[in-house]
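Please keep the sequence and the structure at hand while reading.

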Amino acid sequence: MSQMPQQAALAKCPSCAEPLESGDLFCGACGYDLSVVPAPPQDHPTLTMTGSAAPGDGVDWPAPDPAGSAGTRPTAHRAADVPGTDSGGNPLHEQHPQHPQEPQEAPAPGVRFDRPAEPEEYPLQAPDPRVAPDVAVPEGAAKVCVACRAGQVDDDGYCENCGHAQPRERDHMERESGPVAAVSDRGLRHHRNEDSFGVGHTALPDGTPAAVAVVCDGVSSATRPDEASAAAARTAGDLLLAALPRGTHPQQAMHEAIVAAAQAVDALAGEPASAREHAPHQNAPACTIVGAVVASGLLVVGWVGDSRAYWVPADRSAPAARLTEDDSWAAQMVAAGLMSEAEAYADERAHAITGWLGADAYELEPHTASFKPDRPGVVVVCTDGLWNYAETAEEMAEIVPLDAAARPLHGARVLVGHALDGGGHDNVTVALLPFPAPPQGAGSA
């Protein structure tokens, strides 16, 4: 977001605005170090992969239900008649722009700019994910302060040495499950992480391994976006991991997972009024979703919104590809031929999404696509907090480490670090799924 001004006087804590007593060295409410008052901070269309696979080609799966094949390929959207609305005149949700925008005289009709107010100071940022240790901290071991790297953290979340409040658990999350890994970070401008993810691995009925990743991005202009993304990622991931061992075709399973995730987010809008009493005029909880499954030589992706999936081959001389098409204002403008891609994504309305999960989504259209790559590589599943800094498939391929398939957790950390180096203006989440070399003699469909 934009500037975070500091208070000139120390009558109140610069971090949480709690009153201070004379001689206080640390804020009793949040642990802020009062001896140092910091200065204000300075402020492609989808590429068709060779070998698009027909569902079930070369794999002993039942054919997908016709209901699950809707939107199996990215479809061009008709241009909205009114900027900021879809073809039916419905308002568009706004996602986070890549860079803070200057105040506009009058926002475009229908585009929502009602983001919740940001606090002037944020809790301590999590450490740089690229230098995080590869070895997990043993369960029960004392936590070490991320600020001074010396003191232990007490039960209240404060360092016993320097007094700093520690990052919240969701500010920085990492997970590795078999061959797939994901990292999510709050970024440098947001007061909380509204992204979420789910990763896992399982086996098909014949014992063939399968890897799953789901990434969700909460819509900031909606109520409780962090809860929406968490509910969607958890529900979709659980359904995929349950459906694949039963023999459900991955593309059908992906469709069902997105529908279930949408229902989970819808349910949040019906929770007790006390959950919404502080923001009664905001939209229902909402988020985007993108998922990927790698199983038995197939790569299946599914999405709603503007979170993306990319294909990056191990042989970087081969072309990379973007596997998803955004449900966004910018994508509509490009598809309609009204703007070039560069012009559309430079516009302040670029990140107004035309599809999302939530009770106020006027129509749910899960997109799914199935591919059969003819070479090994890695699938990048991410929110716009990453792809804003590597938008094209070629740019994404340049920043994915060469050993990402062998070290997916390290690769995900590197990609998150790239976004933070670029400014970290949004939450950033990325999952990496290695795609193994196809069996000898397995041709493209």
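The sections below take up these topics in turn.

## Basis of the model

This is a predicted model, in which local features need pLDDT of at least 70 and side-chain atom pairs count only at pLDDT 80 or more, while totals for chains, interfaces and linings use all residues. Residues are numbered from 1 along each chain as its sequence is written, and side-chain values use heavy atoms, with hydrogens and water left out.

Helices and strands here are DSSP runs numbered from the N terminus, a helix being H or I over at least four residues and a strand being E over at least two. Helix α7 covers residues 408–421, and its 14 residues should span 20 Å at 1.5 Å a residue, which agrees with end C-alpha atoms that are 20 Å apart; the expected span is 1.5 Å times one less than the number of residues. After α7 comes Gly423, whose phi is positive, near 135°.

Ten of the 14 residues of α7 are buried, so the helix is mostly covered, where buried means under 20% relative accessible area, exposed over 50% and partly exposed in between, with a 1.4 Å probe and protein chains only. Among the buried residues are Leu409, Ala412, Leu415, Val416, Ala419 and Leu420, and Arg413 is also one of them. The elements that cover these buried residues include the strands β2 (172–177), β3 (180–185), β13 (377–382) and β14 (428–435), together with the helices α5 (384–387) and α6 (393–399).

## Nonpolar cores

A nonpolar core is a set of buried Ala, Val, Leu, Ile, Met, Phe, Trp, Tyr and Cys residues joined through side-chain atoms within 4.5 Å. The largest such core has 35 residues, and those with the most contacts inside it are Val380, Leu386, Met396 and Val430. Helix α7 gives the most to this core, with six residues. Apart from it lies another core, of 29 residues, which includes Ala210, Ala231, Ala262 and Leu357.

Contact means heavy atoms within 4.5 Å. When neighbours within four places in sequence are left aside, Leu386 is in contact with Val380, Met396, Ile399, Leu415, Ala419, Val428 and Val430.

## Cysteines

With a disulfide taken as a pair of cysteine sulfur atoms within 2.5 Å, the count comes to zero disulfides. The cysteine sulfur closest to that of Cys162 is in Cys159, and at 3.6 Å it is too far for a bond; Cys162 counts as buried, at 13% relative accessibility. The sulfur of Cys216 has its closest cysteine sulfur in Cys287, at 4.7 Å, which is again too far for a bond, and Cys216 counts as buried at 0% relative accessibility.

## Aromatic rings

Rings of Phe, Tyr and Trp (its six-membered ring) pair if their centres lie within 6.5 Å, and planes under 30 degrees apart count as stacked, over 60 as edge-to-face and the rest as tilted. By this rule there are three aromatic pairs. One of them joins Tyr345 and Trp387 edge-to-face, at 6.0 Å centre to centre and 90° between the planes. Because Tyr345 lies in helix α4 (residues 341–346) and Trp387 in helix α5, this pair ties together parts that are 42 residues apart in sequence. Tyr345 is buried, with a relative accessible area of 15%, and Trp387 counts as buried at 1%.

Trp356 and Tyr362 form an edge-to-face pair, with 6.0 Å centre to centre and 85° between the planes; Trp356 counts as buried at 3% relative accessibility, whereas Tyr362 counts as partly exposed at 35%. The ring of Trp387 also has the charged end of Arg308 sitting over it, 3.5 Å from its centre, a description that requires NZ of Lys or CZ of Arg to be within 6 Å of the ring centre and within 35 degrees of the ring normal.

## Loop residues

Arg224, in the loop between β5 (209–218) and α1 (225–243), has a positive phi of about 45° although it is not a glycine, and Arg224 is buried, with a relative accessible area of 11%. Ser296, in the loop between β6 (286–295) and β7 (298–304), is another residue other than glycine with a positive phi, near 50°, but Ser296 is partly exposed, with a relative accessible area of 27%.

Asp315 lies in the loop between β8 (308–313) and β9 (321–322) and counts as partly exposed at 40% relative accessibility. Although Asp315 and Pro376 are 61 residues apart in sequence, their C-alpha atoms are 8.0 Å apart in space.
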